[in-house]
Structures are given as structure tokens and as C-alpha cells.
Amino acid sequence: MAGTPSTRNIVFNDDSYWALYNKLYDNPGDMSGKRIKIQGFVYRQKNFPLETILVARNLMWCCSADMAVIGLAATGAELSALASDTWVEVSGRLGVAELDLVGERRISKVPIIHIESVRRVDRTASMTIFPY
């Protein structure tokens with residue numbers, strides 16, 4: 001049925017991370033309503049709303065000098081109890097939000113996870129994503 005979200009989960013892992021990340025940011029609304037599961041560390045942007053974080057990883061193109069934090073925004077009331085850098089697994093539904101991702105007052109439409117569950121996990125995934 002047209003317009004009905006698929007029940008298939010989007011699951012980020014080390015092998016699929018970069019491709020899925022790009023697909024979601026290139027067309028944030030294309031997967032709205034789909035379920036998603038992702039692991040990463042809690043990263044707080046000072047310009048984000050209070051109950052919004054990035055479920056983050058480090059992106060390294062060449063060497064540690066060019067490393068940057070990337071991730072998916074997630075929102076939910078239970079986030080305030082999580083310290084920055086805590087590894088979590090987040091499950092929820094994708095939506096679209098208008099956020100300033102880099103703190104330069106440039107609002108853009110981005111994918112966001114509306115959290116259904118969040119749990120602390122031991123880091124089992126790679127902290128660093130390589131785009132090749």
C-alpha cells in the first residue's frame with residue numbers, strides 16, 4: 001500500500017554505516033516512518049534542543065588528523081540521564097527535523113530518530129567509520 005512504512009528494520013553496522021548514512025542525509029524524508037537500530041556514542045551538540053543528541057561515530061578519511069564526528073540525531077526524554085561518550089543502542093522510527101548540525105545558524109532538514117528504546121551497551125562496533 002502506497003505511503004505505508006515498511007516493517008523492515010534499518011540496521012546500521014560497520015559494513016553498512018557509510019552507505020546508509022549518506023542515503024539518509026541525501027534524502028532525509030525517503031525513509032520516514034521506518035524502524036531503525038543504531039549503536040554509537042552519545043554526542044551532544046550545544047546548539048541542539050535539550051533532549052536531542054547525535055548517536056555518533058568518528059569518520060576518518062585518511063588519518064587521525066582529519067577525524068570528524070558524524071551520526072544520526074535522536075530525540076527522546078530518556079536522553080538526559082546519559083552522559084556524553086556513553087555507548088548506546090538506539091531503536092526507534094525515522095523522521096525529519098530541521099536542525100543546525102554545525103552551530104553556524106544554517107538550518108537544514110536532517111534524518112532524526114524518534115526513540116522507542118535506548119540502552120547502554122559495551123562498545124561492540126567500531127568507534128571509527130572509514131568511507132571506503
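Is arginine 119 buried, partly exposed or exposed? Arginine 119 is partly exposed, with a relative accessible area of 46%; buried denotes under 20% relative accessible area, exposed over 50%, and partly exposed the range in between (1.4 Å probe, protein chains only). The structure is a predicted model, in which local features need pLDDT of at least 70 and side-chain atom pairs count only at pLDDT 80 or more, while totals for chains, interfaces and linings use all residues. Residues are numbered from 1 along each chain as its sequence is written, and side-chain values use heavy atoms, with hydrogens and water left out.

The confidence of the model is described by pLDDT (the predictor's confidence in each residue, from 0 to 100). For the protein chain the mean pLDDT is 87, and 93% of the residues reach 70 or more. Among the elements of the chain, S2 has the highest mean pLDDT (95) and strand S7 (residues 128–129) the lowest (84); helices (H or I, at least four residues) and strands (E, at least two) are DSSP runs, numbered from the N terminus. Residues 1–6 have pLDDT below 50, and beyond near neighbours in sequence this stretch has four contacts in the model, a contact being heavy atoms within 4.5 Å.

Strand pairing was assigned where DSSP finds at least two bridges between two strands. S5 pairs with S2 in the antiparallel sense over seven bridges, and S5 also pairs with S6 in the antiparallel sense, over twelve bridges. Of the 13 residues in S5, ten are buried, and the strand is mostly covered. Glutamate 89 in S5 stands opposite glutamine 39, and histidine 114 in S6 is the bridge partner of arginine 93.

Four salt bridges are present, each defined as a side-chain nitrogen of Lys or Arg within 4 Å of a carboxyl oxygen of Asp or Glu. In the pair formed by aspartate 14 and arginine 57, the closest N and O atoms are 3.0 Å apart. Aspartate 14 is in the loop between strand S1 (10–11) and helix H1 (17–26), and arginine 57 is in strand S3 (residues 52–59), 43 residues apart, and the pair thus links distant parts of the chain. Aspartate 14 counts as partly exposed at 37% relative accessibility, whereas arginine 57 counts as buried at 1%.

Arginine 119 forms a salt bridge with glutamate 89, with the closest N and O atoms 3.2 Å apart. Because arginine 119 lies in strand S6 (residues 108–120) and glutamate 89 in strand S5, the pair ties together parts that are 30 residues apart in sequence. Glutamate 89 counts as buried, at 13% relative accessibility. A salt bridge also joins glutamate 116 and arginine 93 (3.7 Å, N to O). This pair links distant parts of the chain, glutamate 116 being in strand S6 and arginine 93 in strand S5, 23 residues apart. Glutamate 116 counts as partly exposed at 46% relative accessibility, as does arginine 93 at 28%. Salt bridges link Arg35, Arg93 and Glu116 in a network.

Six aromatic pairs were found; rings of Phe, Tyr and Trp (its six-membered ring) pair if their centres lie within 6.5 Å, and planes under 30 degrees apart count as stacked, over 60 as edge-to-face and the rest as tilted. The ring centres of phenylalanine 12 and tyrosine 17 are 5.0 Å apart and the planes are at 75°, so this pair is edge-to-face. Phenylalanine 12 and tyrosine 17 are both buried. For phenylalanine 41 and tryptophan 87 the centres are 6.1 Å apart and the planes at 55°, so the pair is tilted. Phenylalanine 41 is in strand S2 (residues 35–43) and tryptophan 87 in strand S5 (residues 87–99), so the pair ties together parts 46 residues apart in sequence. Phenylalanine 41 counts as buried at 4% relative accessibility, and tryptophan 87 is buried with a relative accessible area of 9%. Ring pairs also link Phe12, Tyr17, Trp18, Tyr21, Tyr25 and Trp61 into a cluster.

A nonpolar core is a set of buried Ala, Val, Leu, Ile, Met, Phe, Trp, Tyr and Cys residues joined through side-chain atoms within 4.5 Å. The largest such core has 38 residues, of which Phe12, Ile36, Ile38, Leu72 and Ile113 touch the most other members. H1, S2, S3, strand S4 (68–75), S5 and S6 are the elements that give two or more residues to this core. Not counting residues up to four places away in sequence, leucine 72 touches Phe12, Leu24, Tyr25, Ile36, Ile38, Ile53, Leu54, Val55, Pro111 and Ile113.
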